[in-house]
Amino acid sequence: MQNTISLSSLGPRICILGPSNSGKSTLATAIARKGDLRPVHLDQLFHEPNTDWVPRPAATFSALHEEAIAGERWVMDGNYSKYMPQRFERATGIILLNVHTATSLFRYLRRTLLERERHGAWKRSG
């Protein structure tokens with residue numbers, strides 16, 4: 001069963017959760033554009049820029065996460081369950097994507113084999 005609610009009812013701080021390749025970053029980008037919110041892609045905060053997904057030190061990610069959730073208007077995608085309690089305290093709305101495993105696998109293969117750019121990913125140098 002799908003429930004439909006208005007975007008405005010989610011408020012100015014929205015968390016998007018779901019499995020890998022479920023469309024969290026794509027949805028966050030679209031909501032940010034439509035709702036005049038700052039898109040925050042947690043993968044970008046968690047990983048060092050211009051690397052092949054090298055994680056930042058835990059303290060650095062924690063500080064970046066705290067800074068991001070302190071903002072007044074954002075839509076944030078990503079799970080990082082250790083940090084959910086702080087994020088949920090600030091969130092005014094939560095979206096949970098429920099995507100079938102086969103769909104996630106298909107999207108993973110398409111992303112890996114065909115897509116060079118995607119929402120929420122770092123821009124690679126060179």
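The protein has five helices and four strands, where helices (H or I, at least four residues) and strands (E, at least two) are DSSP runs numbered from the N terminus. Along the sequence they follow the pattern β-α-β-α-α-β-α-β-α. This is a predicted model, in which local features need pLDDT of at least 70 and side-chain atom pairs count only at pLDDT 80 or more, while totals for chains, interfaces and linings use all residues. Residues are numbered from 1 along each chain as its sequence is written, and side-chain values use heavy atoms, with hydrogens and water left out.

Of the 126 residues, 34% count as buried; buried means under 20% relative accessible area, exposed over 50%, and partly exposed in between (1.4 Å probe, protein chains only). The accessible surface comes to about 8,100 Å², and carbon and sulfur atoms hold 56% of that surface. These areas come from the Shrake-Rupley method with a 1.4 Å probe, and for residues only the protein chains shown count as cover. With a contact defined as heavy atoms within 4.5 Å, 65% of the contacts between residues at least 6 apart in sequence join residues at least 24 apart.

Side chains of opposite charge can pair when their charged atoms come close. A salt bridge here is a side-chain nitrogen of Lys or Arg within 4 Å of a carboxyl oxygen of Asp or Glu, and the whole structure holds three of them. In one, Arg 13 meets Glu 72 at 3.4 Å, N to O. Arg 13 lies in strand β1 (residues 13-17) and Glu 72 in the loop between α3 and β3, so this bridge ties together parts 59 residues apart in sequence. Arg 13 is buried at 12% relative accessibility, whereas Glu 72 is exposed at 52%. Glu 72 also forms a salt bridge with Arg 90, with the closest N and O atoms 3.4 Å apart. Because Arg 90 is in helix α4 and Glu 72 in the α3-β3 loop, the pair connects parts 18 residues apart in sequence. Arg 90 is partly exposed, at 25% relative accessibility. Through shared partners, Arg 13, Glu 72 and Arg 90 form one network. Another bridge joins Arg 56 to Glu 48, with 4.0 Å between the closest N and O atoms; Arg 56 is buried at 16% and Glu 48 partly exposed at 28%.

Next come the aromatic rings. Rings of Phe, Tyr and Trp (its six-membered ring) pair if their centres lie within 6.5 Å; planes under 30 degrees apart count as stacked, over 60 as edge-to-face and the rest as tilted. A search of the whole structure finds four such pairs. The ring centres of Phe 46 and Phe 61 are 5.1 Å apart and the planes stand at 80°, so this pair is edge-to-face. It links helix α2 (residues 42-46), which holds Phe 46, to helix α3 (residues 58-70), which holds Phe 61, across 15 residues. Phe 46 is partly exposed at 24%, while Phe 61 is buried at 1%. Phe 61 also pairs edge-to-face with Tyr 83, at 4.9 Å centre to centre and 90° between the planes. Tyr 83 is in the loop between β3 (74-77) and α4 (84-90), 22 residues from Phe 61. Ring pairs link Phe 46, Phe 61, Tyr 80 and Tyr 83 into a cluster.

Leu 113, in helix α5 (residues 101-113), is exposed with a relative accessible area of 63%.
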